[in-house]
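User: Please go through this model with me in a few questions and answers.

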Amino acid sequence: MSPARISARVGSIAESATLAVDARAKALKARGRPVIGFGAGEPDFPTPDYIVEAAVEAARDPRNHRYSPASGLPELKAAIAEKTQRDSGYTVEPGQVLVTNGGKQAVYEAFATLLDPGDEVLMPTPYWTTYPEAIRLAGGVPVEVFAGPDQGYLVTEDQLEAALTERTKVLLFVSPSNPTGAVYSPEQTARIGAWAAAKGLWVVTDEIYEHLTYDGVPFTSIATAAPDLGDRVVVLNGVAKTYAMTGWRVGWMIGAPDVVEAATNLQSHATSNVANVSQRAALAAVAGPLDAVHRMRESFDRRRGMIVAGLNAIDGVECPMPTGAFYAYADVRPLLRHPVHGRHLSTSAELAALILEEAEVAVVPGEAFGPSGFLRLSYALGEADLLEGVGRIQRLLAG
């Protein structure tokens, strides 16, 4: 028997569902179909001018035409350390920062650095689609801990305790959350962090939506809320969501010196340094003012109200008001108990396919993030498209 062409390790990885939905929507639009996409978590705003200008200037500077340190430009690492102190109250040294090719590389490298084969990661669910794949690729075992809309999509210490085994090594903590928009309170964050510390676990915390909270709900970093974690916390972040820089591909991880050194060694063989022009743009972003960020958040806040009201106007759809990020996570399980547009549908994946086919609206089904029965819609798109897209869904599901 000839060996398999594709390794089992890579062959078992599922395609990113959110990017797949976005690609499908864009392909249909390229063919002339008037598809409206709620799939990708990508701000529709251009990157702020001062950041673009920093990149243009950097492209002309021969210094940026050469290799630079694999862990990141020293100036950027220092700025990230200062920004972390400013936004989270968490004090770190530049040497504890690794600049990565986007947030996804930071996610993978964190798990690759911490996990041995069979190590378990407690993964609050619904989860972002990349987390379980990165954990498995690193040899770990994702353990889903589900919290539904009745809990505000927030897991409890009791649930985490029930999922704990002798193989558990890491707790994944994400607030604000993709896909649900849920935000843990300072008190909840502190309790969960203290629980993880008492159990001797590592915590990997993804803070990429830190500046996107609403209704006066604060962002709380578990690294500062639970000081007993000590150096057993790894912070993941990046410029993509905050500064509308998804295409620039700059993220970072912050951790103990030995963790960052090991992850840097991995990156030195995988990609070397992040593109210098992108790093210079990121430096302008994290060291600059937050005025543009606040204006974008105001727009997201308006859209949040629009999309939740529109979804909740549909019989059989229940959508809690998210307090962070830019996603609405709608519970469509009641809708699936009855025929939809003359069809008997059993899963949210089938419903999402129907909505794309009949209404020409792209949404991401709950199967991408955990259990079936939910739809994720990003409201990081223009208000006219948002209203038109939700209106199409309303008309389809009313028929």
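This is a predicted model: local features need pLDDT of at least 70, side-chain atom pairs count only at pLDDT 80 or more; totals for chains, interfaces and linings use all residues.

User: How far apart do the C-alpha centres of domain 1 and domain 2 lie?
Analyst: The domain assignment of the protein chain gives domain 1 as 8-46 + 291-398 and domain 2 as 50-289. Across the boundary, 37 residues of domain 1 are in contact with 34 residues of domain 2. The C-alpha centres of the two domains are separated by 25 Å.

User: Is strand β9 largely enclosed by the rest of the structure or exposed, and how many of its residues are buried?
Analyst: In a regular strand, side chains alternate between the two faces of the sheet. On one side of β9 lie Tyr327, Tyr329 and Asp331, on the other Ala328 and Ala330, and all are buried. Strand β9 (residues 327-331) is therefore largely enclosed by the rest of the structure, the number of its buried residues being five of the five.

User: Which residue in β12 is the bridge partner of Ala330?
Analyst: Strand β9 runs antiparallel to β12 (residues 374-378), and five bridges join them. Within β12, Ala330 has as its bridge partner Leu375.

User: Does Ile6 count as buried or exposed?
Analyst: Ile6 is located in the segment before α1 (8-11). Together with Val10 and Ile13, Ile6 makes a nonpolar surface patch of about 240 Å². The cut-off for the exposed class is over 50% relative accessible area. Because its relative accessibility is 55%, Ile6 counts as exposed.

Terms used
Residues are numbered from 1 along each chain as its sequence is written. Side-chain values use heavy atoms; hydrogens and water are left out. Buried means under 20% relative accessible area, exposed over 50%, partly exposed in between (1.4 Å probe, protein chains only). Helices (H or I, at least four residues) and strands (E, at least two) are DSSP runs, numbered from the N terminus. Two strands pair if DSSP finds at least two bridges between them. Patches are made of residues with over 30% relative accessible area and no salt bridge: like charges are joined within 9 Å, nonpolar side chains (Val, Leu, Ile, Met, Phe, Trp, Tyr) within 5 Å. Accessible areas come from the Shrake-Rupley method with a 1.4 Å probe; for residues, only the protein chains shown count as cover. A salt bridge is a side-chain nitrogen of Lys or Arg within 4 Å of a carboxyl oxygen of Asp or Glu. Domain bounds come from an automatic or database domain assignment. Contact means heavy atoms within 4.5 Å.
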